[in-house]
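Have a go at each one before you read the solution.

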Amino acid sequence: VLPTATIVVADTALNIGETSLVTITFSEAVSGFSNADLTIANGTLSAVSSSDGGVTWTATFTPTASITDASNVITLDNSGVSNASGNAGSGTTDSNNYAIDTARPAASIVVADSALGIGETTSVTITFSEEVSGFDLSDLNVANGTLSNLVSSDGGKTWTATLTPTAEITDATNLITLDNSGLTDLAGNAGTATTVSNNYAIDTVEALVIDNGDPEFRAYPPVVVTDVPTTPLQPVVPPAPSPDISPLLPPPLFEQPTLGSGIPTLGNIFINNGALAPSFIAQVFASSDPSGGDGSGAGFLGFGGGDAGVFGSSTLSNIFGSDSMPESAPLKVFDGKQWRGGGEAGQDLRGVFGAPTLGQQLHEMGETEQRQIHELAWALGQIEPAEPHV
């Protein structure tokens, strides 16, 4: 007769931290039996041992961590054992089924609207890896807002709530945090650590409203008013002139270009140089006396004679050139004696009050002197403009 066996796993629902006794019972005492003859699903088995001569064997089963599997068996290969007669077993033997749940519940949190303004709310979805119990709003920490209406419609795996942001808040970084240790899955495995949502921004600060009047009369596009600078304005200093700009200046007044042979273009002004003076100016101011002047003041405005008489030989020259009478002498203006000059009759006082009147004499003198001024102007007009001085 071939030996047969039964395998019993004592605890058929194993969670985190749990183990189970496994008993293998043969129909008779066997030899050659070891752990190598066993296949263990989602766990490990300690070394088998027998306390009754090889009929009954025991070991301890430890499930693998982070496993959720409801169908598991231990399988014995009977060909590895034999009875006392040396008959080897045949086929395989399976244990009873056992369930393993050594995975902790995990969650994800999604905030639907990630930018919340005044008066807005959004849906928040918390999805677990498996159904959980013991979960409520106290397990959630909400930044700058509150959650309400926490419910599940699928037995505790998916939960929804409504997020309402706090008023008068502006914050671009906000999260919802779940404390997983406050809940368990249906196997009793408690969660661990924390889970955070995606980020959401909140701006519930009411903006300052400015009454812009009737929309019909508003400017479009709106006028942007810029801030007035607080820095005092600085005076605008004109730039310095470019150093290479050279203004055009007239030539020096008394520059002495020559006509050749050392003769200046303007001649000898105010000097009687006779025939050597090539210009009309020298002729005008020169004396008519070829000897260079006799001191009588003859010439234009008295410069030609060399005696610097202001009026030369004009009518008024003798009048203002006469000696004044002494204070003790009687003033006899109209007797024709005290004011008589030493010149011709037309040049003394009788000429003034006699036949040629003072007005006539002045007219004659003016005609004579104006003629010489005209000649001077004409002479100046004959001078060609000098070349620009560079």
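**Exercise 1. Find out how β14 and β16 pair, and how many bridges join them.**

Solution. Step one: follow the two strands, and you'll see that β14 and β16 run antiparallel, with five bridges joining them. Keep in mind that this is a predicted model. Step two: pick one pair, such as Ile109, whose bridge partner in β16 is Ile126. Step three: look at what else β16 pairs with. β16 and β20 are antiparallel too, with six bridges between them. Here Thr122 sits opposite Leu163 of β20.

**Exercise 2. Sort the residues of β16 into a covered and an uncovered face.**

Solution. On the covered face you'll find Thr122, Val124, Ile126 and Phe128. Ser123, Thr125 and Thr127 make up the uncovered face.

**Exercise 3. Which residues have the most contacts inside the largest nonpolar core?**

Solution. Step one: the core counts 21 residues, and the ones with the most contacts inside it are Ile126, Phe128, Phe135, Leu163, Ile176 and Leu178. Step two: ask which elements supply it. Two or more residues each come from β14 (107-111), β16 (122-128), β18 (140-142), β19 (145-152), β20 (158-165) and β22 (176-179). Step three: another core, of 20 residues, lies apart from this one, and Ile7, Val30, Leu45 and Ile100 are among its members. Step four: go back to Leu163 and check what it touches beyond four places in sequence; the list includes Val111, Val124, Val142, Ile176 and Tyr200.

**Exercise 4. Is Glu18 buried, exposed or partly exposed?**

Solution. Step one: locate Glu18 in the loop between β2 (13-15) and β3 (20-26). Step two: its relative accessible area is 30%, so Glu18 counts as partly exposed. Step three: beyond four places in sequence, Glu18 contacts Asp11, Ala13 and Pro63. Step four: a polar atom of the Glu18 side chain lies 2.8 Å from the backbone nitrogen of Asn15.

Note on methods. Residues are numbered from 1 along each chain as its sequence is written. This is a predicted model: local features need pLDDT of at least 70, side-chain atom pairs count only at pLDDT 80 or more; totals for chains, interfaces and linings use all residues. Side-chain values use heavy atoms; hydrogens and water are left out. A nonpolar core is a set of buried Ala, Val, Leu, Ile, Met, Phe, Trp, Tyr and Cys residues joined through side-chain atoms within 4.5 Å. Buried means under 20% relative accessible area, exposed over 50%, partly exposed in between (1.4 Å probe, protein chains only). Helices (H or I, at least four residues) and strands (E, at least two) are DSSP runs, numbered from the N terminus. Contact means heavy atoms within 4.5 Å. Two strands pair if DSSP finds at least two bridges between them. A polar contact is a pair of N or O atoms within 3.5 Å; within protein, one must be able to donate a hydrogen and the other to accept it, and residues adjacent in sequence count only if both atoms are side-chain atoms.
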